[in-house]
Amino acid sequence: MATTGSRSTLVLVYLTVAVLVSPALSAPLDGAGFHSATCPQLESIVFSSVQGCDASVYLKGRGTEQAMGPNTTLQPRALQLVEDIRAKVHAACGPTVSCADISALATRDAVVLSGGPNYTVPQGQFDSLAPASQNVVNGLPSPATSSVSALARAFSGKGLRDLADLVALSGAHTVGRTGCPFFRDRAQRMDDAFSRRLAANCSAAPNRLQNLDVVTPDLFDNGYYKALVNSQGVFTSDMVLIKDRTTAPIVQQFARNKDAFFAQFAKSMAKLATAPRPGGNVGEIRRNCFSPNALRAIDTVVEAGEEEGFTASA
């Protein structure tokens, strides 16, 4: 059984797994009852799996280890928990639930287990027919992003055009940790006491992990926003939210009122899942979350051919 601390080291921005396994949508998805007939135990399987796993490897967001382009562990580590749950779900119900739906449910459950809000997860989403291209992954905003306008463009490309969505989903940094290379831009600025402390800490211990929320690092709450108000954001992209006049009032509201943050976070997560995009909900239910079914079929044929060749030459 994982501790509360290990569960809450995740950074829960659904964008990372969404771009890896989900197709674009053109219509709203069904609600929580979509799988009630074919897999009534779905949500209990997902919840018990998230509760019993170290969720620190799950859904790292922008700027954390898994979201960095050069890091080749991004896809395997981000999807391993979802794949483990998929195996349990398909064993119990058959191949009726997509990795995309499982990842959305696991995200919600990890938020709740870390102290965050509960919310309805739209279901019925297929998995994409092709692996995400590096261009799609690179479309996620960088932690070194130094303007709200650049962040807003990135979020708008995901169907999130309201600045409240940008600020609320950035609040997933209320839990999680990151390494020194991922906030080097912020530390090297040395333009306030906190950035100078970040620089000094990383100089003394380059492999240390830094809490993204220095107020309440192991709880999903509004401590992240309180830290921003005190100029204690770890990423440059965090600090621009409090420095920009268009987003600063939202940050200040969330710092004062946790319920307001929770309500907007739940709303923004629902919008993220159902945002209209060209292409439609076209795809498949993957038999393995790491790769589309067509690629797995090709691998199976190649492996079979290699095995036959070895036997013939023996």
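Is Ala104 buried or exposed? Ala104 counts as buried, at 8% relative accessibility, where buried means under 20% relative accessible area, exposed means over 50%, and partly exposed lies in between (1.4 Å probe, protein chains only). That residue is a handy place to start a walk through this predicted model. For such a model, local features need pLDDT of at least 70 and side-chain atom pairs count only at pLDDT 80 or more, while totals for chains, interfaces and linings use all residues. Residues are numbered from 1 along each chain as its sequence is written, and side-chain values use heavy atoms, with hydrogens and water left out.

Let us take the whole chain next. Of its 314 residues, 53% count as buried. Contact means heavy atoms within 4.5 Å, and among contacts between residues at least 6 apart in sequence, 77% join residues at least 24 apart.

The pLDDT, which is the predictor's confidence in each residue from 0 to 100, averages 77 over the protein chain, and 70% of the residues score at least 70. Over residues 53-75 the pLDDT is below 50, yet this stretch has 75 contacts in the model beyond near neighbours in sequence. Residues 309-314 also stay under 50, and there the model has zero contacts beyond four places in sequence.

Now for the interior. In soluble globular proteins, nonpolar side chains tend to be buried together. A nonpolar core here is a set of buried Ala, Val, Leu, Ile, Met, Phe, Trp, Tyr and Cys residues joined through side-chain atoms within 4.5 Å. The largest one has 53 residues, and those with the most contacts inside it are Ile85, Val89, Tyr225, Leu241, Phe254 and Phe265. Helix H5 (residues 99-113) gives the most to this core, with eight residues. Phe254 shows what the surroundings look like: leaving aside neighbours within four places in sequence, Phe254 is in contact with Val167, Ala168, Asn222, Tyr225, Ala260, Phe261 and Gln264. A second, separate core of eleven residues includes Phe182, Phe183, Ala199 and Leu212.

Leu241 also leads us to helix H12, where it is one of the buried residues, along with Thr236, Ser237, Asp238, Met239, Val240 and Ile242. Because seven of the eight residues of helix H12 (residues 236-243) are buried, this helix is largely enclosed by the rest of the structure. Its cover includes helix H7 (148-156), helix H8 (163-170), H9, helix H11 (223-229) and helix H13 (248-256).

What about charged side chains? A salt bridge is a side-chain nitrogen of Lys or Arg within 4 Å of a carboxyl oxygen of Asp or Glu, and by this rule the count comes to nine. One of them joins Arg189 to Asp185, with the closest N and O atoms 3.2 Å apart. These two are four residues apart in helix H9 (residues 184-189), so they are separated by about one helical turn. Arg189 is partly exposed at 39% relative accessibility, and Asp185 is partly exposed at 30%.

Arg186 is buried, at 2%, and its side chain meets that of Asp192 in a salt bridge (3.0 Å, N to O). Arg186 also forms a salt bridge with Asp191, at 3.5 Å between the closest N and O atoms. Asp191 counts as partly exposed at 41%, whereas Asp192 is buried at 14%. Salt bridges that share partners join Arg186, Asp191, Asp192 and Lys243 into one network.

Arg286 sits in the loop between helix H14 (258-274) and helix H15 (293-313). This residue is buried yet has no salt bridge; the nearest side chain of opposite charge, Glu284, is 4.2 Å away, with Lys and Arg counted as positive, Asp and Glu as negative, and His and the chain ends not counted. The side chain of Arg286 does reach the backbone oxygen of Cys289, at 3.1 Å. Arg286 is also among the residues that His90 touches.

Definitions and conventions. A polar contact is a pair of N or O atoms within 3.5 Å; within protein, one must be able to donate a hydrogen and the other to accept it, and residues adjacent in sequence count only if both atoms are side-chain atoms.
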